[in-house]
Amino acid sequence: MIRDFNIAKREEDIGSYAGYVGSAFMFGRALTSAFWGIVADRYGRKPVIIFGTFSVIVFNTLFGLSINFWMAVITRFLLGSLNGLLGPIKAYAAETFREEYQALGMSTISTAWGIGLIIGPALGGFFAQPAEKYPAVFSKDSIFGRFPYFLPCLCISLFALVVGIGSFWLPETLHNHDSEMPPQDSCKALESASDTKEENESTSKENLFKNWPLMSSIIAYCVFALHDMAYSEIFSLWAVSPRKFGGLSYSTADVGEVLSISGFGLLVFQLTLYSTVAKYVGPVMIARVGGVLSILLLTSYPYFTKLSGITLSLVVNFASMMKNVLSISIVTGLFILQNKAVDQRQRGAANGIAMTGMSFFKALGPAAGGAVFSWAQKRLDAPILPGNQVVFFMLNVIEAIGVLLTLKPFLVETLNT
């Protein structure tokens, strides 16, 4: 898409501009996530979920109709600003599942992400530029020929419309316990209500920034989020870049296929294995082991260019699937720690803070990842860490910092809520 906007003067600069588009969404979300968390705590999870879903319909459609680079950046920024979904949905899952099923509850969010990893890249890879790929069906003079990236965006917007309508039937999980009591229990009810009100007021006034179990998990979460977003940006750029620049020379369809297979593997793992693993080893240990394994895996990526044919395809698909499984397992474990650290009446605000920090770091991810990738392609003959080796080395440094932040005494786990 960036290439078609003709804003990059050199092919090596495309990564930088692509990073700005990716960062715009996260920057917008960083500015408003705390606000949407407060709204969800005051008015309920459901209104924020519905509003956020309908914002996808509007601004994702406009993104597909972008006629230049700046329109793409602005529509992504507005979508990030008005889409406060993720924090309230995490709170919703924590309130829907009982304590013993919290790992399953948080993994449902990651499973939804896995489904998105199957559907999204497939739509982007197969439906982008439809007039060129399927000229018998789509004319170059049609809207899909004039806007070659509109079709996948339209498919996503229609899907969001169905989800948005279905969200009106979601039950609200933020309960204020204002149900009527029988007259004979009125005195007890008044006493109970008074005690509950005082307790809730005390809880609602608690400074979340002084809640170290919450803040330590959010800080670790932000570092891993930076790594994951930079990796996602770099992987696609690396896969489609020419072999002469150390890439794989994949087409967009090839990348979509790899990410779809990865998403399917992630979906199977989250639905079948994650809750069992978390039950026996705990979310913190999953984050530590997952981080170490990710470092070992990424170290091998620069050497994939020495492969070709079916061997390359099998290795790339397996590595991508393992990387996504490890990343989502880490994030899911930190989701659990964050929601265990706060009371229900502060859960929306707590997740809003987490989303603000995570979105800020994720906004840095694509821009920094794209810039580093473009820089690496200009130093192919460097004596130390030439070409893409320096890119994956930097990713490993960030992941190593995240692993260190999961160790005691920094990361504190709340045992009871």
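**Side-chain contacts and overall fold**

Reply: In this predicted model, a polar atom of the Asn396 side chain lies 3.4 Å from the backbone oxygen of Ile295.

Me: Which side chain is joined to that of Asn396 by a polar contact of 3.2 Å?
Reply: Asn396 belongs to helix α16, which covers residues 389-404. Leaving out residues up to four places away in sequence, Asn396 touches Ser294, Ile295, Leu298 and Thr299. The side chain that makes the polar contact of 3.2 Å with Asn396 is that of Thr299.

Me: What distance separates the C-alpha atoms of Asn396 and Gly291?
Reply: Asn396 and Gly291 are 105 residues apart along the chain.

Me: Is Asn396 buried or exposed?
Reply: The cut-off for a buried residue is a relative accessible area under 20%. Asn396 has 10% relative accessibility, and therefore it counts as buried.

Me: What is the relative accessible area of Lys323?
Reply: A residue is classed as buried under 20%. Lys323 is buried, and its relative accessible area is 0%.

Me: What radius of gyration does the protein have?
Reply: The protein comprises 417 residues, so a compact globule would have a radius of gyration near 22 Å.

Me: How many helices does the protein have?
Reply: The C-alpha atoms occupy a box of roughly 80 × 50 × 35 Å along the principal axes. Within the protein there are 0 strands, and the number of helices is 16.

Me: What share of the contacts with a separation of 6 or more comes from residues 24 or more positions apart?
Reply: Of the 417 residues, 52% count as buried. Among contacts with a separation of 6 or more, the share from residues 24 or more positions apart is 78%.

Me: How far apart are the mean positions of the positive and negative charges?
Reply: The protein carries 30 positive and 28 negative charges. Their mean positions are separated by 7 Å.

Note on methods:
Residues numbered from 1 in each chain as written. Predicted model: local features only at pLDDT ≥ 70, side-chain atom pairs only at ≥ 80, totals over all residues. Heavy atoms only, no water. Helix = DSSP H or I, 4+ residues; strand = E, 2+ residues; numbered from the N terminus. Rg over C-alpha atoms; globule rule 2.2 N^0.38 Å. Buried < 20%, exposed > 50% of the residue type's maximum accessible area, 1.4 Å probe, protein only. Contact = heavy atoms within 4.5 Å. Lys, Arg positive; Asp, Glu negative; His and termini not counted. Charge placed at Lys NZ, Arg CZ, Asp CG, Glu CD. Polar contact = N/O pair within 3.5 Å; in protein donor to acceptor, adjacent residues only side chain to side chain.
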